[in-house]
Amino acid sequence: MVEYKGLDGLPEEIDPYFGIAKLDEQLKGIPSKKIVLISASPSVGNEVFGYQIISKNVNSNVKTVVFLNRTSPQSYLTEMKEYDLPSNNNLVIIDAYSGITGIKSDETDHVRVIDNPYDKEEVKSKIVSELKKGYGLLVIDSLSLLIDFFDFDYVNSLVAAIKKSIEENDSAAVFLFTDWGYEKESLQKLSSNSNSTIEIKGIEKRVIFGQYFAVLNCDWLESKQGFSAVLFKAMKPGGIKVYFPKILVTGPTDAGKSSFIHSASKNAVSVDKLGGTIALDHGNVDFEGYRADLFGTPGQERFDPLLKMLGGEAIGVFLVVDSTKPEQFPRAIEMLRKTETYGLPVVVVANKSDLEGALGKEEIREKLHLDSNITLIQTFAQDLSKVDPNEPTKLKEAGIHEALSALFKQLT
Amino acid sequence: MENLKTGLKSFDELSGGLDYRKTYALFGNKESGKEQFIYKLVQSALSNRNAVVYVLTSKSYSELINEFNARTIPINQYLGQDFKILDDFSRTNSPSMTDNSYAKILNGPVDLTGLSVALSNTNSDFLKDAKTVINIFDNLSNLLIYNNPLTVYRFLQFICGKSKLAGVTTVFSVDTAMHSPDVIETIKNLSDAIISLKLENGKRYFTLSGTSREVLDFKEID
C-alpha cells in the first residue's frame, strides 16, 4: 500500500496513486480495475504526468508496467531522471519503439521488446500477457500514437482487452493521450471506455502563459462536486507542481515579511535598504507538490500607493504581524484593505512569538478581531542569537510549513 | 515590416525576400542546395536580430554547428541567445544525451507531441522577449519516414496554425525524391508558399510561388 501524505501531513492508504498534489486529494488515487485517460493539448503535453505517476508508484513498491511507443526505454529513463523522477526495479517497459527505428533493444528482466510494433496482434497480446504477471499499474505512453499507427476501432478493442485484463488481475491503468483534433465521436467513445478523464490544456494566445489540469469525470467518487481546473507547472527538475501564481505577503513595518518569504522560499530576493524593504520581496515556494510565487509589500506608509498595484490579481494573503507590537495591528488590517485583498483567503502569521512580551494566540486574535475561520500561525526565529536587524531572519520550518499548508488548503 | 532577406543575392533581388508570418515549404532533391539555402537564411535572420528555432531531424546539434563553422557562418555568438536548437535526432543513437543552454534534446521522430511542446515553449520564450521568430524544420522528410503521413499532416496543420497566430515564420525543407507525389501535393496544400530548388549542369536554380512577388521560372541562385 502506498502511504500518500496530503497537505494535512496525514498518511492515507491509496494504491496506486498519481503522486500529483490535488489529483490524489480529489480522486483518492486510482482504484484497482479502473482506467484513467489523461488527455492533453499538443502544445502542453502530458509526458511529465506519466513520469511522475510511474516514479511515485515504483518508489512506493507498486509494480508498474509502461507500454512505450513514443521513444526508446533508455531515452525515457533519461527524461525521468532529468525531471528528478527516478525509476527502479519495480518498473517494466514494453518497448514498442525500437522496432520502429530499426535499432532493436535487448530483452532484459525489465524490458520486453515488441518485435514488430506495426503488428496489431503482437501489441495486444504482449500487453495482455504481461498484465497476467501481476502489476499494480499499467501506463500506456502513448495511446494517441497507437491511434495514429492503427485506428480508433483497433484502439477501442485494445482498451476493451486491457479493461478485462486489469479487472482479472486487480491492476489499474493510465492512458496518456494527445488530442491532435480527432473526430469528436471517436473521442467520446474513447472517453466513455475510461473511468475518469483528466484534461490538460494551456492558457494561450500568442504565447502560453499558463497551463492547467481538470478532472472532467470520475465514476468512483459519489460526489461529483468540487472538481475545478488547477494551474500547474512542469518543473525540470521537480515534476508537476500545482501552481499559485501570486500570493501576497503583507503587514506593518518590521513585522518580518521578508523573513517569512526568505524562510519559505528557495531563491527569494529583496529590494531593500538597511534592512527595511523599500520596494518588494519575491520568492518561489516549493512545498508538498505545490509551487507558489510570493510577493511581499513594503510596510512603510509612504509606499502605500504601491499596495493596490501589488495586491492586484493575488489569490491569497499572508498577513504578517509582530506579536510584540499590538499597536501596529490596526495598520495590519488597513494594509489588507489597501491591497484590495480583504475577503481573499488569508492566514495570519504571528511572528516573533518567541520574544519577550509577545502576545499569545488568543490575545492576537482578539485584538485583530479575527473571525474563528481565519487561521493564525505563530512563527519563531531558528536561532535568536543570530538575529541581524539588517538581514531577514531565518524562521523555524515548523511554523512556516504550518502557515503554507493552511493557506494552500484554502486555495485548493 | 520589411521582408526577411535570405542572404542569397538573386533570390532577394527577384523576390524581395520572404514574407514574415508565412509557412514556406522548401522542396528539392539531394544536392539541390536546401541546406545552403537554410544556413544563409539563418545567418541573415540572426544578423537582423530575429530569433531562430532550428528543428533537427537528421543530424545532431553538434554536426549542425560544425557545418555552420565549416561554411564560416558565425553561429557561436548566437547560441543560447537568439539561436536555439531542438535536436530530434541525437537520442536515436545516444539515448542518455541531455539538454544544454542552446540545444534541447528531444525523444526522437515519433514523439511529435514532445516536439510540439518544445516548439511552443521555445517560441513563447522568444515572443515574451518581443522577438520576431523564425522556425526552421531541417527536415520534414525524416518525420514522414517514421510516422503515418496523416499524423505528420495533422502535426503540421497544428504547428503552422499556432505559428501564424503567434506571428512566427516557418520554413520546412522536404527532400522531394523521398516522397510520393500525393505526399508532396498535400504538403504544398498545407503551406502558404513554396520554394523549389534544383541542381542542373553544376548550377543551382530556384522558383518561388505563393508570395507577393512570385518567381515562377527557374532562376539561378548566386
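**Exercise 1.** In which order do the nine strands of the open sheet in chain B lie, and what is their pairing?

*Solution.* The model is a predicted one.
Step 1: reading across the open sheet of chain B gives E4-E3-E2-E5-E6-E1-E7-E8-E9, with mixed pairing.
Step 2: the two ends of that order are the edge strands, E4 (103-105) and E9 (215-220) of chain B, each of which pairs on one side only.
Step 3: from one strand to the next, the twist averages 15°.

**Exercise 2.** Describe how strand E3 of chain B is joined to strand E2 of chain B, and identify the helix that lies across both.

*Solution.* Step 1: strands E2 (residues 51-56) and E3 (residues 83-87) of chain B run parallel and are joined by five bridges.
Step 2: for B:Tyr54, the bridge partner in E3(B) is B:Ile85.
Step 3: the helix is H3 (residues 61-70) of chain B, which lies across E2, E3 and E4 of chain B. Its direction is at about 135° to E3(B).

**Exercise 3.** Classify the packing of helices H5 and H7 of chain A, and list the residues that make the contact.

*Solution.* Step 1: the axes of H5 (residues 120-131) and H7 (residues 152-169) of chain A come within 9 Å and cross at roughly 15°.
Step 2: angles under 35 degrees count as roughly parallel, so H5(A) is roughly parallel to H7(A).
Step 3: the crossing of H5(A) and H7(A) is right-handed.
Step 4: H5(A) contributes A:Lys120, A:Lys124, A:Ile127, A:Val128 and A:Leu131. H7(A) contributes A:Tyr154, A:Leu158, A:Ala161, A:Ile162, A:Ser165, A:Ile166 and A:Asn169.
Step 5: sorted by class, the contact of H5(A) with H7(A) comprises eight nonpolar, two polar and two charged residues.

Definitions and conventions. Residues are numbered from 1 along each chain as its sequence is written. Chains are lettered from A and ligands numbered from 1 in the order in which they are written. This is a predicted model: local features need pLDDT of at least 70, side-chain atom pairs count only at pLDDT 80 or more; totals for chains, interfaces and linings use all residues. Two strands pair if DSSP finds at least two bridges between them. Helices (H or I, at least four residues) and strands (E, at least two) are DSSP runs, numbered from the N terminus. Axes are lines fitted to C-alpha atoms, for helices over the stretch in contact, and angles run from 0 to 180 degrees between N-to-C directions. Two residues are in contact if their C-beta atoms, placed from the backbone, lie within 7 Å. Angles under 35 degrees count as roughly parallel, over 145 as roughly antiparallel, 65 to 115 as roughly perpendicular and the rest as oblique. A crossing is left-handed if the near helix is turned anticlockwise from the far one by less than a right angle, and right-handed if clockwise. Ala, Val, Leu, Ile, Met, Phe, Trp, Tyr, Cys and Pro count as nonpolar, Asp, Glu, Lys and Arg as charged, and the others, Gly among them, as polar.
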